[in-house]
Amino acid sequence: TEHPIAVWHRLVKERNPRGLDALLDAEAVFHSPVSTGRIIEFKVMLRPLKAINLVHQRMTALLQAKP
């Protein structure tokens with residue numbers, strides 16, 4: 001079967017919403033930035049583990065430095 005991300009890209013490219021029912025889970029949540037004009041959520045994916053640890057250390061230092 002086709003990978004879900006590949007299906008998503010194909011549906012977007014074809015502008016074909018008919019395939020979404022089979023692709024999206026019944027519990028899927030969509031957060032649209034259109035109501036406020038701003039992104040309201042994003043997920044950061046980092047690899048390798050060294051990069052994650054470095055970002056964690058720097059974010060901790062920045063957050064502790066804020067009044």
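Q: Let's start with E14. Is it buried, partly exposed or exposed?
A: E14 counts as partly exposed, because its relative accessibility is 45% and that class runs between 20% and 50%. Keep in mind that this is a predicted model.

Q: Okay, and which residue does E14 form a salt bridge with?
A: With R10; their closest N and O atoms are 3.7 Å apart.

Q: Where do E14 and R10 lie?
A: Both are in helix 1, which covers residues 4-14. They're 4 residues apart there, about one turn of the helix.

Q: What else forms a salt bridge with R10?
A: E2 does, and in that pair the closest N and O atoms are 3.1 Å apart. So E2, R10 and E14 end up linked in a network of salt bridges.

Q: How exposed are E2 and R10?
A: E2 is partly exposed, with a relative accessible area of 40%. R10 is partly exposed too, at 32%.

Q: How many salt bridges does a search of the whole structure find?
A: It finds 2.

Q: Switching topic: which residues make the nonpolar surface patch?
A: I39, F42, V44, L46, L49, I52, V55, M59 and L63 make it. The patch comes to about 930 Å².

Q: Tell me about V44. Where does it lie?
A: V44 sits in the loop between helix 2 (20-23) and helix 3 (49-65).

Q: And why does V44 count as exposed?
A: Because its relative accessibility is 54%, and exposed means over 50%.

Definitions and conventions: Residues numbered from 1 in each chain as written. Predicted model: local features only at pLDDT ≥ 70, side-chain atom pairs only at ≥ 80, totals over all residues. Heavy atoms only, no water. Patch = residues over 30% accessible without salt bridge, like charges linked within 9 Å, V, L, I, M, F, W, Y side chains within 5 Å. Areas by Shrake-Rupley, 256 points an atom, 1.4 Å probe, with all protein chains shown as cover. Salt bridge = Lys/Arg side-chain N within 4 Å of Asp/Glu carboxyl O. Helix = DSSP H or I, 4+ residues; strand = E, 2+ residues; numbered from the N terminus. Buried < 20%, exposed > 50% of the residue type's maximum accessible area, 1.4 Å probe, protein only.
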